[in-house]
Amino acid sequence: MFRLLILAACVLLGQCSEMYIEEMERVVGGTEASRNAWPWQISLQYMSGNSWYHTCGGSLIQPRWVMTAAHCVDRSYTFRVAVGDHNIYENDGTEAYIAVNAKFIHANWNPNNVAAGYDIALLRLASNAVLNSYVQLAALPSNGEILSHNHPCIITGWGYTRSGGQVSATLQQAPLPVVDHATCSSSSWWGSTVKSTMVCGGGNGAQSGCQGDSGGPLNCYVSGRYYVHGVTSFVSSLGCNTYMKPTVFTRVSAYISWINNIIANN
């Protein structure tokens, strides 16, 4: 089995060293997104000492609910989310910060085996996000919806711009077309590591997610709008953009009932 690298930044180490910002940083092989082009994208941040640090992405799916990866929040930290943000190190004038007051991790999540799946969590915010032109709700796919091979999708996040790099200051984007399950689970790709409740994107060795992108959306264009079809989960430990080892996402359409039940009962 290929070694896996889950994509939370800093929190996996329990602390962050000082972050150095380089110009032209991006999701591996991507470009800087236009300001607030992805208004459901959030930065998940945790407190260490008296400072807040970006660790993962996420998607605002209801005014008081964020969807992210289980591995981003399965440790005891104080979390907040930044909505409407673009440069996480500067005041853009559009961002707002909201405390997380409850987290709901899928009951079947195993922190010792990300390849088992169930890498999904919901965060209940302390107050509703105010919706405006900078902050909007993500659209989710219908239950069980599967996209075809090479369907156009885009990953977004503030993650590392290369393996062993550092968190990007500004929100980045990169095209990651869908790799269908038959292809992604074949022996020359991810093999049995990839489950049917996951979706793969990319694999060309040029564009990929990387550390710090975890929990963020795979935005797929369907019928005239973008839907969040994936929650960024893991890549190969051989490198974020390893050829024929595409970024692996939790497939959102496999968890629609779970999402609805958590929100309805909490």
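Predicted model: local features only at pLDDT ≥ 70, side-chain atom pairs only at ≥ 80, totals over all residues.

Tutor: Residues are numbered from 1 along each chain as its sequence is written, and side-chain values use heavy atoms, with hydrogens and water left out.

Student: How many helices and strands does the chain have?

Tutor: Helices (H or I, at least four residues) and strands (E, at least two) are DSSP runs, numbered from the N terminus. The chain has three helices and 15 strands.

Student: What share of the residues counts as buried?

Tutor: Buried means under 20% relative accessible area, exposed over 50%, and partly exposed in between, for a 1.4 Å probe and protein chains only. Of the 266 residues in the chain, 56% are buried. Contacts (heavy atoms within 4.5 Å) can also be sorted by sequence separation. Among those in the chain with a separation of 6 or more, 73% involve residues 24 or more positions apart.

Student: Which strands form the closed barrel, and in what order?

Tutor: Strands of a sheet pair through backbone hydrogen bonds, either parallel or antiparallel. Two strands are taken to pair if DSSP finds at least two bridges between them. Here six strands close a barrel in the order E3-E4-E5-E8-E7-E6, with antiparallel pairing. From one strand to the next, the twist averages 45°. Such angles run from 0 to 180 degrees between N-to-C directions, and the axes are lines fitted to C-alpha atoms, for helices over the stretch in contact. Helix H3 (residues 256–265) packs on the sheet and touches E4, E5, E7 (96–105) and E8 (121–125); the direction of H3 makes about 25° with that of E8.

Student: How many bridges join E4 to E5?

Tutor: E4 (residues 51–62) and E5 (residues 65–68) run antiparallel and are joined by three bridges. Leu-60 has Val-66 in E5 as its bridge partner.

Student: Which residues of E6 point each way from the strand?

Tutor: In a regular strand the side chains alternate between the two faces of the sheet. From E6, Phe-79, Val-81 and Val-83 point one way, Arg-80 and Ala-82 the other, and all are buried. E6 (residues 79–83) is thus mostly covered, with five of its five residues buried. E6 pairs in the antiparallel sense with E3 (residues 41–48) over four bridges, and four bridges also join E6 to E7, again antiparallel. Ala-82 takes part on both sides: Ser-43 stands opposite Ala-82, and Ala-82 stands opposite Tyr-97 in E7.

Student: Why is E9 described as largely enclosed?

Tutor: E9 (residues 153–157) is largely enclosed by the rest of the structure because five of its five residues are buried. Cys-153, Ile-155 and Gly-157 lie on one side, Ile-154 and Thr-156 on the other. Three bridges join E9 to E13 in an antiparallel arrangement, and E9 pairs with E10 (residues 172–175), also antiparallel, over four bridges. Ile-154 stands opposite Asn-219 in E13 and has Pro-175 as its bridge partner in E10.

Student: Is Trp-189 buried or exposed?

Tutor: Trp-189 lies in the loop between H2 and E12. Trp-189 is buried, because its relative accessible area is 16%. Trp-189 and Tyr-243 are 54 residues apart in sequence and 8.7 Å apart in space, C-alpha to C-alpha.

Student: What is the volume of the largest cavity, and which residues line it?

Tutor: On a 1 Å grid over the protein atoms alone, a cavity is a set of points where a 1.4 Å probe fits but cannot get out, and a pocket is an open set with protein on both sides within 12 Å along at least five of seven lines; lining residues have an atom within 4 Å of a point. Grid points are joined across faces, edges and corners, and a volume is the space filled by probe spheres set on the points. The whole structure holds one cavity of 30 Å³ or more. The largest cavity has a volume of about 40 Å³, and its lining consists of Asn-36, Trp-38, Pro-39, Trp-40, Gln-41, Gly-84, Asp-85 and Tyr-134.

Student: Which residues lie nearest the centre of the second largest pocket?

Tutor: They are Ile-146, Leu-147, Met-198, Val-199 and Arg-251, out of 17 lining residues. The second largest pocket holds about 190 Å³ of space. E12 gives the most to this lining, with three residues.
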